[in-house]
Each structure stands twice: as C-alpha cells, then as structure tokens.
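User: I have a model open and would like to go through the inside of it. Can we take it piece by piece?

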Amino acid sequence: MAVTRRDRLRAATVQEIVQTARRLLVEHGPDAVTLRGVAREMQLTAPALYRYFGSHEELLKRVIGELFGDLADHVRDRITAVPPGDLSGRFLAASRGFREWALAHRREYALLFGNPMPGVDVDLEDHAADGGRRLGWVYLSLYLELWNRAPFPVRSPEEIDPGLRAQLDRYRDRMGVDLPSGAMLTFLRCWTRLQGAVSLEVLGHLSFALDDPEPLFELMLTELAAELGLEYRPPDGP
C-alpha cells in the first residue's frame with residue numbers, strides 16, 4: 001500500500017517523541033520519561049500525545065525497542081568490520097562492542113538491563129520484545145557461524161539437568177535454530193557471563209574493588225574464547 005503524507009507525518013512525530021523521551025532519559029533519568037514530560041518538551045498538550053501513545057508503558061516499550069535496535073546495530077557494525085573468515089576477531093569485536101556501547105550509554109543500558117520497568121515485559125509481542133530479539137539474533141547468528149564452521153565440545157543431553165534441558169530446548173525451538181541442547185547451554189552461559197560482567201561495571205558494582213575493570217573483562221574473554229575454540233587477541237591500542 002502507498003504511504004500517504006499523513007502516514008509520513010505521523011511516523012515522523014512518533015520518532016520525534018521517542019527521541020525526546022530518550023533525551024530526557026539520558027539527561028534526567030527514567031523518572032523524567034513521562035507523557036507529560038515529553039509533551040512539555042515538544043510544546044504539545046498531554047492529550048495530543050495520547051493520539052500517538054496510549055500509555056506511559058507503551059511509550060517506554062517503544063523507547064526500549066529503539067535502544068535495543070541501536071545496540072544491535074552497533075554490535076553488528078563491529079562484527080562486519082572484521083573479515084568473515086576471522087571467527088576469533090568477530091567474536092571479540094562483538095563482545096567488546098557490547099561493552100563499548102554500554103559504557104557510552106549508561107542510562108540507556110540501565111533501562112535495558114537494570115531493574116525491570118513496571119508494566120514492561122519484553123517477553124510480550126511488542127516493540128520492546130522485537131528489539132530484544134533483534135539484539136539476540138545478532139549474537140545467535142554469530143554463534144551459529146562459529147558452530148557450523150568449527151564445532152566445539154559441548155555437554156551431551158544426558159549431562160544436562162532435565163529441567164534445564166527442557167527450557168533450553170524450548171528456547172531453541174522458539175528461536176528456530178538447529179542446535180543441540182549442549183550448544184544452547186554454552187550460548188546462554190557465554191551470554192550471561194558477557195552481559196553480567198558488563199552490567200556489574202556499568203551499574204557501578206565493581207567500584208568497591210576495581211578502578212579499571214577492563215583487564216578483568218579481557219580475562220573473561222580469554223576464557224570464553226578458549227571454551228569456543230577461538231584465539232584470544234588483546235585489544236588494539238593502549
């Protein structure tokens with residue numbers, strides 16, 4: 001169907017609302033991201049904003065989806081900058097790209113991976129869930145590339161707790177990938193270590209011991225690379 005001028009204007013307004021909400025998040029924190037706050041910044045009335053977003057939760061879901069998409073694009077750009085045959089380089093680029101974006105967008109990262117926002121459930125079918133799956137596919141696609149080109153040892157199904165194995169298989173089926181349960185377990189273990197390490201740093205939970213967590217992060221990458229049968233390389237530059 002042809003896109004009308006009215007459709008284009010509405011899409012542009014929606015994008016402006018989302019960008020305004022993101023700016024308020026960065027400048028003043030999540031409590032500032034309200035429909036009234038956004039309307040005030042855009043010199044609109046709150047009822048006018050309700051023509052585009054029916055609730056505060058709907059606006060937050062849209063912002064979260066945009067942020068996930070931004071992060072996914074950043075990580076994908078880091079991956080594609082490395083030649084396709086360099087599996088180790090692509091893995092390291094994806095891992096460091098995630099941390100890089102998080103450190104440059106601390107408040108946005110906290111909205112995505114901090115305490116869940118009331119009324120926002122990324123497991124539902126909405127913009128937030130779409131954005132989360134988009135990021136997940138960036139990493140899962142890279143993992144599939146690693147697995148298909150150079151399979152590494154994983155646990156057999158019998159070595160995995162039955163309750164955990166059922167959840168892994170359900171997740172695998174939902175993502176529509178052809179991987180054994182052990183490979184799905186390794187994927188989730190790698191992701192939780194990566195995201196957990198970055199979250200502890202970005203949210204300030206390592207400052208009790210470390211002024212510079214990067215060496216600890218790089219040590220973790222050496223361990224993950226070894227588990228995936230890859231070669232660790234230090235980052236370029238100082």
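User: What does a search of the whole structure find in the way of cavities of 30 Å³ or more?
Analyst: This is a predicted model. Searching the whole structure turns up one cavity of 30 Å³ or more.

User: How much space lies in the largest cavity?
Analyst: The largest cavity holds about 160 Å³ of space. It is lined by 13 residues, and those closest to its centre are Phe91, Tyr139, Phe187, Cys190 and Leu228.

User: Which helices each supply at least two residues of that lining?
Analyst: α5 (87-104), α7 (127-149) and α9 (181-202) each supply at least two.

User: And how do the lining residues divide into nonpolar, polar and charged?
Analyst: Twelve are nonpolar, one is polar and none is charged.

User: Now pockets. How much space lies in the second largest pocket?
Analyst: About 340 Å³. The lining of the second largest pocket has 17 residues, with Leu92, Ala93, Arg96, Pro235 and Asp236 nearest the centre.

User: Which element gives the most to the lining of the second largest pocket?
Analyst: α5 does, with seven residues.

User: How does the lining of that pocket divide?
Analyst: Into six nonpolar, two polar and nine charged residues. In the largest cavity the lining has no charged residues.

User: On to the core. Which residues touch the most other members of the largest nonpolar core?
Analyst: Leu59, Phe98 and Leu179 do, out of 66 residues in that core.

User: What does leucine 179 touch, not counting residues up to four places away in sequence?
Analyst: Leucine 179 touches Leu140, Tyr143, Leu144, Trp147, Arg172 and Met184.

User: Aromatics next. How many aromatic pairs does the count come to?
Analyst: Eleven aromatic pairs. One of them joins phenylalanine 98 and phenylalanine 113, whose ring centres are 5.8 Å apart with 75 degrees between the planes, an edge-to-face pair. It links distant parts of the chain, since phenylalanine 98 is in helix α5 and phenylalanine 113 is in helix α6, 15 residues apart.

User: Is phenylalanine 98 buried or exposed?
Analyst: Buried: the relative accessibility of phenylalanine 98 is 0%. Phenylalanine 113 also counts as buried, with a relative accessible area of 18%, because the cut-off for buried is under 20%.

User: Why is the pair of tyrosine 143 and phenylalanine 187 tilted?
Analyst: The planes of tyrosine 143 and phenylalanine 187 are at 55 degrees, with ring centres 5.1 Å apart, so the pair counts as tilted. Edge-to-face needs an angle over 60 degrees. Tyrosine 143 sits in helix α7 and phenylalanine 187 in helix α9, so this pair ties together parts 44 residues apart in sequence. Tyrosine 143 is buried at 4% relative accessibility, and phenylalanine 187 is buried at 8%. Phe187 is also among the residues closest to the centre of the largest cavity.

User: Which residues form one aromatic cluster?
Analyst: Phe68, Phe98, Tyr109, Phe113, Tyr139 and Trp191.

User: Which residues of helix α6 are buried?
Analyst: In α6 (residues 106-113) the buried ones are Glu108, Tyr109, Leu111, Leu112 and Phe113. Their cover includes α1 (5-28), α4 (56-80), α5, α7 and α9.

User: Where is serine 199 found, and what is it in contact with?
Analyst: Serine 199 is in helix α9. Leaving aside neighbours within four places in sequence, serine 199 contacts Tyr109 and Phe113. Serine 199 counts as buried, at 9% relative accessibility.

User: And tyrosine 171, buried or exposed?
Analyst: Tyrosine 171 is buried, with 18% relative accessible area. Its place is in helix α8 (residues 162-175).

User: How far apart in space are tyrosine 171 and serine 181?
Analyst: 9.8 Å, C-alpha to C-alpha, and ten residues in sequence.

User: Last one. What is phi of glutamine 43?
Analyst: Near 60 degrees, a positive value in a residue other than glycine. Glutamine 43 is in the loop between α2 (35-41) and α3 (46-49), and at 74% relative accessibility glutamine 43 counts as exposed.

Key
Residues numbered from 1 in each chain as written. Predicted model: local features only at pLDDT ≥ 70, side-chain atom pairs only at ≥ 80, totals over all residues. Heavy atoms only, no water. Core = buried A, V, L, I, M, F, W, Y, C linked by side-chain atoms within 4.5 Å. Buried < 20%, exposed > 50% of the residue type's maximum accessible area, 1.4 Å probe, protein only. Contact = heavy atoms within 4.5 Å. 1 Å grid on protein atoms, 1.4 Å probe; cavity = no way out; pocket = protein on both sides within 12 Å on 5 of 7 lines; lining within 4 Å. Points joined across faces, edges and corners; volume = space filled by probe spheres on them. Helix = DSSP H or I, 4+ residues; strand = E, 2+ residues; numbered from the N terminus. Nonpolar A, V, L, I, M, F, W, Y, C, P; charged D, E, K, R; others polar. Phe/Tyr/Trp six-rings, centres within 6.5 Å; stacked < 30°, edge-to-face > 60°.
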